[in-house]
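Student: I have a new model open on my screen. Could you walk me through a few of its features?

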Number of protein chains: 2
Amino acid sequence: MKKAIVILLVMTSIASFAQQSLFGGQEIKSPEINANNSVIFRFVAPNADTVKITGDFLPTEKIKTQWGEFDAPGKANLIKNEKGVWSFTSQVLQPELYSYSFIVDGITTTDPNNPFLVRDVASVTNIFIIGGGQADLYKVKDIPHGTVAKRWYDSPGLGMDRRITIYTPAGYESGNEKYPVLYLLHGAGGDEEAWNTLGRTAQIMDNLISQGKVKPMIVVMPNGNVIQDAAPGEGHDGFYKPQFMVAKTMDGTYEANFMDIIKFVETNYRVKADKANRAVAGLSMGGFHSLHISRYYPNTFDYVGLFSAAILPNQNVSSPVYYDIDKTLKTQMDNGYKLYWIAIGNTDFLYKNVEEYRAKLDKMGMKYIYRESDGGHIWRNWRIYLSEFAPQLFK
Amino acid sequence: MKKAIVILLVMTSIASFAQQSLFGGQEIKSPEINANNSVIFRFVAPNADTVKITGDFLPTEKIKTQWGEFDAPGKANLIKNEKGVWSFTSQVLQPELYSYSFIVDGITTTDPNNPFLVRDVASVTNIFIIGGGQADLYKVKDIPHGTVAKRWYDSPGLGMDRRITIYTPAGYESGNEKYPVLYLLHGAGGDEEAWNTLGRTAQIMDNLISQGKVKPMIVVMPNGNVIQDAAPGEGHDGFYKPQFMVAKTMDGTYEANFMDIIKFVETNYRVKADKANRAVAGLSMGGFHSLHISRYYPNTFDYVGLFSAAILPNQNVSSPVYYDIDKTLKTQMDNGYKLYWIAIGNTDFLYKNVEEYRAKLDKMGMKYIYRESDGGHIWRNWRIYLSEFAPQLFK
């Protein structure tokens, strides 16, 4: 019997064990974060010719596309030891959540010694956190935790049930209090998973609420791709290779049906259902959606956040949502609001468009707070923006 | 502006695109499920010497360990075409959820064209579903969906808040009805994620409830490793390489503190809080836990499910939970119950132990239903057992 228990413990999945990297009896650790916050990455490949690492902690490289030059994560070479274990030690890294992949003889692969991965569109990369400072907001601490629920809401406008991620703060289930709501929208390629996986929303909110810096609130993370019922793999289309959504993502359909989401939230949760207790914010395409939702329903939100936002619709798009933009912005301004927050990185490819939009608002006399950060169109900035935006809400 | 929108759509994550497998202008599709349910797997590696696939749809291979010989997923060779794309076409596959990895020049890697992965202990493998029959229960259909929440409950006995996965059936939030509860426990190496990822619990329950075969019920999936507050990566230990838990997994601590979980559920959810409306079931180590929880609290559960269960504690373990096992089993029998369901695969390495346990129950006159399936100690069986056990509950 004892033997059986031992076997049980070791063999629950023989497949797992066969795939673990045991090498020369030594367990490989990767990534290994040193005391000084440099990081050692290791990969076992005795017969490989080259092993490289690519990640967002390496100096960026320029890559050329038909649309221009862009920054892409850099690469570095690992060096092989006599046992066939390749390694690379990074520079001392600043606190942050980082992602990386290995490239073995030209083939991009995940780190078999690190089971923590995030999906961004069709790419899956490994992640790790260097703690301290801002990045401590991304960690799970011994504090009260909110609940993250994956639910389905009925969208009569879109003719389907759709999956939605909802964060309720610690204490929500056991109390009677009503809460304000932040609607938090993802970018192109994202879905109802993105803000909570890549964006660390639950950890950021738990930490900031626990520190007394953010008012307890519900955070609603819908899927902004109206042709999807759910994130890839989570809906009725089953498993398929995700692509950037283009169809109907920025044609007004989502904005026109956004009240289905608000109605669902306000009839299913204990919320303060008024303008003073509603915020809408989003990144990139989600910033675009937030801009247009907040002016199309111009007396609905007291708080608006545009994170690295796309601004104006494609000229070929025709939707009542995009008629008379200037007029509805004016109405929104006249109705009043408490915060219109615009943030962008100084190397973002949308920088100039946001600059033009700010000039437009200045000309109209429509007030906003502007936050310019370093860097480009990346999740690092969106996590920072969320952690700066949330403390300003519902005060 | 139009240009910026195009860029936005294409470039939200330049890193993603750089990693996508575009080859010779052709998008690589892998896996590709043919009309006859054979499956083509593809991998781009012009310079590799060998590319193999390993997966649970291939004939198993024997592997030798110090504890004996076991079945492990088999391997097959991919063949390279003139463009450097390797491919393998499987035989016609039966409906099932399958997992696989590639092995490129000896290095195990995930499929870069398939972002759907599951983690089992420290291993991450790709998955796909061949629909039809039993496997249709694992798909997301256009039916009412329950909610899956990741919550944290207070365990005074274990001295910490702990993460728990809770499935509430469609209609729970909008109604006033009280529901019965199934406590569903994972095996060694698992955690509060396992039943819902590898086990497809939400999909199985949604489908069977929608078909009228299962009574709407709440399914509670706790973490059975008492030294963890949460699954690897989801708790206060941050990201670390998971191992099989050995410390305190089967020493009585979990069983002794199980009432913390029941108390949390019965004070936080609209449940029918009586024996007739409680079930406990688990796989492997979770079957062991279910056996001991149900007899240690011998008048608490009317339904007990042991799936490929480990049976008796290690002789060196000392815990009041394991004193007088025969006596508490007798008490449980005398108190009565509606279903004691024992299932195991005919090649499971625990088969003999379960056989001995059945002989013991026979001798005592303790009634049970026995279900023997093909196969071994694998998730395929546990998904089948759940879909056969759930319809028998709360009738």
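**A walk through the model**

Tutor: In β10(B), the bridge partner of B:Phe41 is B:Phe88. This is a predicted model, where local features need pLDDT of at least 70, side-chain atom pairs count only at pLDDT 80 or more, and totals for chains, interfaces and linings use all residues. Residues are numbered from 1 along each chain as its sequence is written, while chains are lettered from A and ligands numbered from 1 in the order in which they are written.

Student: Which are the edge strands of the open sheet in chain B?

Tutor: Strands are DSSP runs of E, at least two residues, numbered from the N terminus, and two of them pair if DSSP finds at least two bridges between them. The order in this open sheet of chain B is β3-β4-β10-β9, with antiparallel pairing. Pairing on one side only marks the edge strands, β3 (32-33) and β9 (79-80).

Student: How many bridges join β4 to β10 in chain B?

Tutor: In chain B, β4 covers residues 39-44 and β10 covers residues 85-89. The two run antiparallel, and the bridges joining them number five.

Student: Is A:Thr147 buried, partly exposed or exposed?

Tutor: A residue is buried if 20 or more other C-beta atoms, placed from the backbone, lie within 10 Å of its own, exposed if 12 or fewer, and partly exposed in between. A:Thr147, in strand β15 (residues 147-155) of chain A, has 19 other C-beta atoms within 10 Å, so A:Thr147 is partly exposed.

Student: How many of the 11 residues of α10 in chain A are buried?

Tutor: Helix α10 spans residues 379-389 of chain A. This helix is largely enclosed by the rest of the structure because its buried residues number 10.

Technical notes:
Helices (H or I, at least four residues) and strands (E, at least two) are DSSP runs, numbered from the N terminus.
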